Amino acid sequence: MKTIAIIGAGPAGIEAASILAAKEETEILLFEKSASTLDNLRDKAFLFPDFSAADDLVEILEAKLNRDNIKLLSGKEVKSVTEQDGGWQLQDAEGTSYTADAVLMTTGYKVFDAHRKEELGYGIYPGVITSIDMEKKIKEGKILNAVGDTPKKIVFLQCVGSRDEKSGNHYCSKVCCVTAVKQAIELRKLLPEVETYIFYMDLRMWGGGFEEMYRESQEKYGVRYVRGRISEAASTYDGKIQIKSEDTLVGLPLKMSADLLVLMVGMEPSCGTKELTKQCGCSDAYGFATTTNPHVRDNETSQPGLFVAGSCKRPMSINDTLNDARSAAVKIAEFLK
Ligand code: SF4
């Protein structure tokens with residue numbers, strides 16, 4: 001019998017567990033520090049680029065856990081992972097120890113805390129929300145401004161906490177451009193009268209079908225794009241948000257008031273990712289996991305038997321995360337042979 005410990009029951013952890021559990025004589029210990037699985041995915045309304053319901057994917061992934069040889073350990077936070085006698089020992093927060101033949105880290109990401117960008121007013125003005133807050137509103141189908149009215153104008157700001165010297169995150173979070181385009185389209189479907197503006201530095205529509213979504217957002221849904229960063233946001237007496245920016249395409253300063261300002265927050269390594277990558281000596285400058293070779297060994301760490309997959313490595317879409325988990329499962333199966 002081979003035991004594989006998977007740390008994190010998000011999309012990557014569940015996908016890898018389901019593939020590895022199909023092998024005979026294999027037991028999966030799937031650790032999840034929360035009481036429930038797939039928390040980030042459950043908050044989403046629709047997925048890009050096909051606008052399918054996130055709940056459908058949750059259902060598909062949950063069904064994959066229905067195997068006798070997958071032992072889901074909810075509420076168990078792994079605090080240490082150490083190599084021992086050619087195998088691995090893990091210890092949870094209560095001090096319980098577990099042994100495994102291989103370990104897969106799928107500890108994921110957390111979103112950038114928008115309070116850190118004080119000049120944008122998150123947590124100060126109720127009209128300033130994050131893309132996560134907006135996703136929840138879209139899921140509820142209830143979009144209201146700070147004073148409880150239907151918004152007439154909604155502004156999105158890209159790259160909040162990514163590609164940003166001040167927050168220390170120089171990397172691109174990869175999914176926030178397409179998420180803003182997706183949310184703007186969804187808002188125009190829900191509230192056909194609302195004006196939507198997206199303030200961007202560059203639009204990075206890198207995935208299949210993304211460029212088409214971007215074109216459609218303009219041609220069919222009338223989403224407007226402004227090239228520029230917002231330097232400051234403040235509340236007006238009637239609860240609107242006054243923003244200051246510069247339209248860098250025409251080189252002119254710009255002021256605008258909106259009912260809602262949506263901050264497209266980037267991805268950072270989760271606390272668990274930071275702790276474990278540091279402990280296992282596979283941390284990059286931000287705390288994401290590093291791998292041995294980005295082309296052919298992108299799930300292996302420098303320690304044989306310790307693997308990584310999904311957004312604990314770098315910002316990744318859900319589709320890329322699932323593909324990466326499948327690739328990690330292949331590598332683990334090869335290793336155990
Ligand atoms: S995906 Fe777009 S919004 Fe997100 S960090 Fe990259 S460029 Fe900025």
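# Contacts, sheets and a ligand shell in a predicted model

Q: Among contacts in the protein chain with a separation of 6 or more, what percentage is accounted for by residues 24 or more positions apart?
A: This is a predicted model, in which local features need pLDDT of at least 70 and side-chain atom pairs count only at pLDDT 80 or more, while totals for chains, interfaces and linings use all residues. Residues are numbered from 1 along each chain as its sequence is written. Two residues are in contact if their C-beta atoms, placed from the backbone, lie within 7 Å. Of the contacts with a separation of 6 or more, those between residues 24 or more positions apart make up 66%.

Q: What is the radius of gyration of the protein chain?
A: The radius of gyration is taken over C-alpha atoms, and the globule rule is 2.2 Å times the number of residues to the power 0.38. For 337 residues, a compact globule would have a value near 20 Å, and the protein chain agrees with this at 21 Å.

Q: How many helices and strands are there in the protein chain?
A: Helices (H or I, at least four residues) and strands (E, at least two) are DSSP runs, numbered from the N terminus. Counted in this way, the protein chain has eight helices and 20 strands.

Q: In what order do the five strands of the parallel open sheet stand?
A: Two strands pair if DSSP finds at least two bridges between them. Strand S1 (residues 2-7) and S9 are joined by four bridges, while three join S9 to strand S20 (residues 306-308). The sheet, whose pairing is parallel, has the order S5-S2-S1-S9-S20.

Q: Which strands stand at the edges of this sheet?
A: Each edge strand has a single partner, so one side of each is left without a neighbour in the sheet. The strands in this position are S5 (70-74) and S20.

Q: What angle does the direction of helix H1 make with that of S2?
A: Strand S2 (residues 26-32) runs parallel to S5, with five bridges between them, and leucine 29 has lysine 71 in S5 as its bridge partner. Helix H1 (residues 11-20) packs on the sheet and touches S1, S2, S5 and S9. Axes are lines fitted to C-alpha atoms, for helices over the stretch in contact, and angles run from 0 to 180 degrees between N-to-C directions. With S2, the direction of H1 makes an angle of about 170°.

Q: Which residue in S9 stands opposite isoleucine 4?
A: In a regular strand the side chains alternate between the two faces of the sheet. In S9 (residues 102-105), Val103 and Met105 point one way and Ala102 and Leu104 the other way. Methionine 105 stands opposite valine 308 in S20, whereas the residue opposite isoleucine 4 is alanine 102.

Q: Is phenylalanine 156 buried or exposed?
A: A residue is buried if 20 or more other C-beta atoms lie within 10 Å of its own, exposed if 12 or fewer, and partly exposed in between, with C-beta atoms placed from the backbone. Phenylalanine 156 lies in strand S12 and touches residues including Ala180, Tyr197 and Met264. Because 30 other C-beta atoms lie within 10 Å, phenylalanine 156 is buried.

Q: Which of the 13 residues around the ligand come nearest?
A: A residue is near a molecule or strand if its C-beta atom, placed from the backbone, lies within 6 Å of it. Of the 13 residues around the ligand, those that come nearest are Cys159, Ser162, Cys172, Cys176 and Cys177.

Conventions
Lists of a residue's contacts leave out its neighbours within four places in sequence.
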